[in-house]
Each structure stands twice: as structure tokens, then as C-alpha cells.
Amino acid sequence: MAGLLHSMQALALCPTRQAAQRAQKSVVRSHTGTIQQHEILMMSSAKFGPFNAILRSTSWTTRSHELPRTKIFSFPAEGEMLVAFCDALHSRSSDLMFTLFIANKNYSSWSLRPWVLMRELHIPFEERIIPFGGISTPDAFRSFSPTGKVPCLVDADLVIWDSLAISEYLAEAVSTVWPSERVPRAWARCAAAEMHSGFLNLRNSCTMNCGLRVKIEVHSKALLSELQRVDELWNDGLSRFGGPFLAGKTFTAVDAFFAPVAFRVQTYDPPLSARAREYVNLLLGLPSMKHWYEAALRETWRDEEHEAEARKSGLWLHDLRHSALRRD
Ligand SMILES: N[C@@H](CCC(=O)N[C@@H](CS)C(=O)NCC(=O)O)C(=O)O
């Protein structure tokens with residue numbers, strides 16, 4: 001929509017009297033399942049005057065077989081009026097509703113990535129939790145996700161079933177998902193991809209379990225070498241782009257990809273440099289991360305597979321989930 005606004009502003013600043021036609025679309029889906037497509041046709045004609053904007057607004061609902069209803073509005077559109085109109089259309093796009101399927105906040109590290117990204121970038125979405133260790137069966141996951149895994153983003157009739165693919169899908173509409181400049185953007189994509197496809201020892205021996213505090217008794221060589229690489233990678237990004245986030249001043253998808261590592265560090269307290277710890281504290285202090293954490297502590301589902309993984313990781317010092325339950 002920002003692109004739409006810019007192109008419309010450009011158009012408003014240099015209206016020509018020749019018969020020009022431009023079409024721009026915005027599709028808005030409401031909570032009730034109604035879809036509205038706004039299409040702006042710019043044209044001048046004998047009928048509509050020298051320079052008029054025509055809005056073709058079509059709405060239909062996903063819940064019935066009704067035919068779409070189309071309304072056409074036309075009005076003079078020059079200069080500020082056109083910009084004001086575009087602003088109004090832009091604000092309507094905030095109704096855009098994605099549905100994000102996730103699993104337990106306490107365990108689901110992959111779910112956290114798009115969730116924190118969307119929350120930090122103020123991308124509206126409806127959250128649906130399908131918990132491990134609840135009453136849901138593996139079939140429940142297959143009903144919305146082709147792999148039976150989360151996260152899964154649903155946008156109208158489109159399903160995006162992988163956290164990296166979700167980030168790229170969102171990046172097509174929201175320019176702040178990745179850094180705006182070429183060099184930090186390339187770096188951020190490499191680092192996010194490295195996290196997406198690597199760090200298996202960190203994932204397996206320091207499984208995400210937000211509410212636990214665990215003492216790792218023996219750090220394997222493989223785990224230590226991955227921790228060193230995380231540290232090196234974070235220090236590299238922070239020095240190159242000046243922090244406080246990995247690729248510069250603002251939170252982008254690469255920070256979302258490392259957000260689960262911040263919870264792992266909180267749980268397992270592994271050896272890390274001071275700068276890396278500072279970055280972990282920054283992530284843990286974000287309002288969205290605090291919200292996720294508090295919700296994780298309140299969850300009452302327990303999934304034996306995840307609990308067993310955490311038991312293998314080391315000595316449990318504290319289980320804050322229990323105290324959270326006692327507080328309730
Ligand atoms: N490549 C996927 C991995 C997703 C994934 O493994 N999700 C875990 C949750 S943390 C899951 O759904 N596990 C359920 C299972 O393996 O049955 C992504 O990035 O989204």
C-alpha cells in the first residue's frame with residue numbers, strides 16, 4: 001500500500017490531460033470473512049471530466065456463493081484530495097487479516113519467528129494456537145498445514161507453511177521485513193538462512209522451553225562450536241551495522257529468526273560474549289517477547305516429548321511454569 005500511495009502521489013503531482021488510465025488494487029479481508037477489493041482507475045474522459053479518479057469497489061464473502069457486488073464511485077481527484085483519498089485507502093488496509101497458526105508458546109521455537117516479526121512490525125493477524133500436549137491430534141495440524149507443522153500463515157485462500165517462506169511472503173507487502181539497504185539485507189538473509197538450516201546441536205541439546213532454567217552439565221564440543229558461531233555471527237552483524245539489532249537500527253526478520261535463541265540462552269545460560277548477552281537482553285526486553293514469555297508461563301499443556309527433551313538437556317534448576325500456575 002505504501003507503493004500505491006507513492007505512485008498515486010506522484011500521479012497527483014503531475015496530472016496530465018491526456019486520456020490516462022492507471023489501475024491500482026488493494027484487497028482487504030475483514031474479520032467476518034468479507035473480502036473487499038478496491039481498484040482505482042485513473043482516467044480522464046468527456047464523461048468524468050478532465051482528471052477524475054474512479055474507485056471500483058467490489059465486495060464478496062467467503063462464506064456463501066453470492067456474486068460479488070460492485071460499486072463505482074467517481075470524484076475529481078487532484079492534488080491533496082487524491083492524496084487524502086489514498087491515505088484513507090491506506091488506513092483501510094490495516095484491516096487486512098492474516099491468520100497465523102502456531103503451537104505452544106512455551107515450546108514452539110519455529111512459531112515464535114513469524115509471530116514476533118508480525119508483532120514487532122505491527123502487521124495485524126489473528127493467532128490460532130493448536131497445542132502439543134493438548135487434545136489436538138496430529139490430524140488437527142494436517143487440517144491447516146500440508147506438513148502437519150507450524151507455523152502456518154493463512155492469507156485468504158493461500159497457505160504458507162514455513163517460517164522463512166512466511167517472512168518472504170510478508171516482505172512482498174511490507175517493506176520493513178528486511179533491511180532497506182542492499183548490504184545489510186544480504187547479510188540478514190544469509191544469517192536467517194543459516195539459522196533456518198543449521199545449528200542442529202543447539203536446537204537439540206537446548207530445546208526451547210521458556211519456563212525452565214536448566215544447568216547444562218556437559219557442553220558437547222559440537223554444541224560449543226555452534227554457540228561460538230552464533231556469538232561470532234551476532235558480533236559481526238552488530239559491528240558492521242552498528243546495532244542495536246543485528247542488521248542495524250530496526251528489528252527485522254533476522255532478529256525474529258534468532259528470537260528463539262534468546263529464550264534458549266535465558267533457559268540454559270550458555271557461555272557467550274558480553275555483546276551477545278546484551279543483544280539477548282535487548283530481544284528479551286521487547287514488549288512482544290515479554291508478552292510471548294508471560295503467555296508461555298501461563299500455558300497448562302504439557303507435551304511429554306518436549307518435556308523429555310528438556311530433561312535430557314541437563315539439571316532443572318527452576319520450573320517457572322509451576323510458579324506461574326500457583327500465582328494464578
Ligand atoms: N521448516 C519449518 C519447521 C517447522 C517445525 O518443525 N515446527 C515444529 C514446531 S516448533 C512442528 O510443527 N513440529 C511438529 C511435528 O514435527 O510433528 C518452519 O520453519 O516453519
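The residues of the shell around the ligand divide into five nonpolar, five polar and two charged. In this division Ala, Val, Leu, Ile, Met, Phe, Trp, Tyr, Cys and Pro count as nonpolar, Asp, Glu, Lys and Arg as charged, and the others, Gly among them, as polar. The model is predicted: local features need pLDDT of at least 70, side-chain atom pairs count only at pLDDT 80 or more, and totals for chains, interfaces and linings use all residues. Residue numbers start from 1 along each chain as its sequence is written.

**Ligand shell**

- The shell around the ligand consists of Ala-103, Ser-108, Ser-109, Trp-110, Ser-111, Gly-148, Lys-149, Val-150, Pro-151, Asp-162, Ser-163 and Leu-164; a residue is near a molecule if its C-beta atom, placed from the backbone, lies within 6 Å of it.
- The largest share of the shell, three residues, comes from H3.

**Packing of H3 and H9**

- H3 packs against helix H9 (residues 253–268) at an angle of about 145°, with the axes 8 Å apart; axes are lines fitted to C-alpha atoms, for helices over the stretch in contact, and angles run from 0 to 180 degrees between N-to-C directions.
- On the H3 side the contact is made by Ser-109, Leu-112, Arg-113, Val-116 and Leu-117, and on the H9 side by Ala-253, Ala-256, Phe-257, Ala-259 and Pro-260. Two residues are in contact if their C-beta atoms, placed from the backbone, lie within 7 Å.
- By class, the contact of H3 with H9 has eight nonpolar, one polar and one charged residues.

**Strands S5, S7 and S8**

- Strand S5 (residues 98–102) and strand S7 (residues 152–155) run antiparallel and are joined by three bridges; strands pair if DSSP finds at least two bridges between them.
- Three bridges also join S7 to strand S8 (residues 158–160), again antiparallel.
- Val-154 of S7 is the bridge partner of Thr-99, and Val-154 also stands opposite Val-159 in S8.
- S7 and S8 form a hairpin with two residues between them, and Ala-156 in the turn has a positive phi of about 50°.

**Cys-206**

- Cys-206 lies in the loop between helix H7 (200–205) and strand S9 (212–215).
- Cys-206 is buried because 27 other C-beta atoms lie within 10 Å. A residue is buried if 20 or more other C-beta atoms lie within 10 Å of its own, exposed if 12 or fewer, and partly exposed in between, with C-beta atoms placed from the backbone.
- Leaving aside neighbours within four places in sequence, Cys-206 is in contact with Arg-264, Tyr-268 and Ser-313.
- Cys-206 and Thr-267 are 61 residues apart in sequence and 8.3 Å apart in space, C-alpha to C-alpha.

**Backbone exceptions**

- Most residues other than glycine have a negative phi, and most peptide bonds are trans.
- The peptide bond from Val-150 to Pro-151 is cis, with omega near 5°; Pro-151 is in the loop between helix H4 (138–142) and S7.
- The bond from Gly-243 to Pro-244 is cis, with omega near 5°; Pro-244 is in the loop between helix H8 (221–241) and H9.
- His-122, not a glycine, has a positive phi of about 60°, and counts as exposed because it has 10 C-beta neighbours inside 10 Å.
- Asp-269, in the loop between H9 and helix H10 (274–285), has a positive phi near 50°.

Notes:
Helix = DSSP H or I, 4+ residues; strand = E, 2+ residues; numbered from the N terminus.
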